[in-house]
Amino acid sequence: MDRFKRLAALAKLQIEKGRSRWGWFDVAFRTFKRFGEDDGGSYTAALTYYTFFSIIPLIVAAGAILGYVTFGNESLKESLVASGLKTIPILKDALSPEGLKTIEENRQGLAVTGTLLALYTGSGVIVAMEHALNKIMHIQVEPNFFVQRLRSLRWLAILGLGAVVSLGLSVVTGFAPGPLAVVLTLAGGLALNTGLFATAFKFLPGKDSAWSEVLPGAIVAAVAFEILKVAGSAYLARGESARNDTFGTFAATAALLIASHLIAQIILLSAELNAVLAERRITRQSLTTT
């Protein structure tokens with residue numbers, strides 16, 4: 001028992017030495033520590049829940065609307081689907097050709113139903129994110145249910161516009177030569193996602209923050225999201241038959257659930273990073289003024 005105590009004390013001492021020696025290590029340590037103190041796991045679970053259950057309605061709505069947008073042009077439809085999967089590759093298992101064909105054949109009924117369900121479940125994602133960001137910023141007073149739902153519709157419009165722009169970038173960069181297309185897609189995705197995350201971190205919580213205060217977390221979230229996309233592509237490219245043999249029809253569900261959880265963690269940890277950096281700035285300012 002004493003040996004374990006000595007090892008624990010030694011590990012704690014080494015961590016404290018690392019925190020005093022390297023600023024980045026102190027920021028990372030405080031970010032994860034603050035995440036635990038703010039009960040980040042619970043808010044991650046809630047955000048994962050709403051994100052996961054919003055994916056299927058979004059797929060149904062997008063697939064139904066795609067049939068009207070392409071006007072029966074198969075090559076255009078295939079190009080848009082390929083670009084969409086390039087943007088969010090984890091949807092490959094959920095959006096099978098047979099499923100897309102079924103949605104397109106029933107698009108008249110599914111377009112309205114899918115859109116309404118997507119708006120409802122999507123607004124739940126925004127409300128859950130707003131609540132989590134407020135708790136991270138230690139904001140206790142929040143708008144009522146109806147105000148939150150109305151605000152969430154505006155944010156869904158912003159995210160929808162971002163998705164359209166991202167899809168457009170994928171289509172345009174697809175005409176560039178191989179290596180250049182990869183670079184342009186990566187750079188465009190990073191820029192767009194950084195803007196979306198920064199906008200969410202600045203305007204969703206009930207606290208007025210400067211762009212410089214939300215930008216670090218937004219950049220980290222955008223980079224992590226791009227890494228997740230690349231890792232998702234690599235994961236989907238390998239072992240598809242093994243996943244199907246192991247999980248069967250639940251393979252796509254498992255992949256979407258894991259992706260939803262990772263996205264939720266990326267968002268909330270990046271918000272915690274912004275909070276930690278803000279606290280460090282306040283501490284330094286107080287030390288210089290005393």
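## An aromatic cluster

Tyr-49, Tyr-50, Phe-52 and Phe-53 come together as one aromatic cluster. This is a predicted model. The protein holds seven aromatic pairs.

One of these pairs joins Trp-22 and Trp-24. Their ring centres are 6.3 Å apart and their planes meet at 25 degrees, so the pair is stacked. Tyr-49 and Tyr-50 form an edge-to-face pair. Here the centres are 5.2 Å apart, with 85 degrees between the planes. Why two values for each pair? Because a pair of aromatic rings is described by the distance of the centres and the angle of the planes.

How much of these side chains is open? Trp-24 is exposed, at 61% relative accessible area. Trp-22 is partly exposed, at 41%. Tyr-49 is partly exposed at 48%, and Tyr-50 is partly exposed at 35%.

## Charges over rings

The charged end of Arg-149 lies over the ring of Tyr-120, 5.1 Å from the ring centre. The charged end of Lys-202 lies over the ring of Trp-211, 5.3 Å from the centre of that ring.

## A nonpolar patch

Which helices supply it? Helix H6 (107-136) and helix H7 (145-173) each give at least two residues. H6 has the largest share, with three residues.

Leu-150 sits in helix H7. Leu-156 lies in helix H7 too. Are they buried or exposed? Leu-150 has 61% relative accessibility, so it counts as exposed. Leu-156 has 19%, so it counts as buried. The cut-off for buried is under 20%.

What does Leu-156 touch, leaving aside its neighbours within four places in sequence? Its contacts are Leu-119, Gly-122, Ser-123 and Ile-126. Take Leu-119. Leu-156 and Leu-119 are 37 residues apart in sequence, yet their C-alpha atoms are 7.6 Å apart in space.

## The whole protein

The protein has eleven helices and zero strands. Of its 290 residues, 39% count as buried.

Residues 24 or more positions apart account for 79% of them.

Notes:
Residues are numbered from 1 along each chain as its sequence is written. This is a predicted model: local features need pLDDT of at least 70, side-chain atom pairs count only at pLDDT 80 or more; totals for chains, interfaces and linings use all residues. Side-chain values use heavy atoms; hydrogens and water are left out. Helices (H or I, at least four residues) and strands (E, at least two) are DSSP runs, numbered from the N terminus. Buried means under 20% relative accessible area, exposed over 50%, partly exposed in between (1.4 Å probe, protein chains only). Contact means heavy atoms within 4.5 Å. Rings of Phe, Tyr and Trp (its six-membered ring) pair if their centres lie within 6.5 Å; planes under 30 degrees apart count as stacked, over 60 as edge-to-face and the rest as tilted. A charge sits over a ring if NZ of Lys or CZ of Arg is within 6 Å of the ring centre and within 35 degrees of the ring normal.
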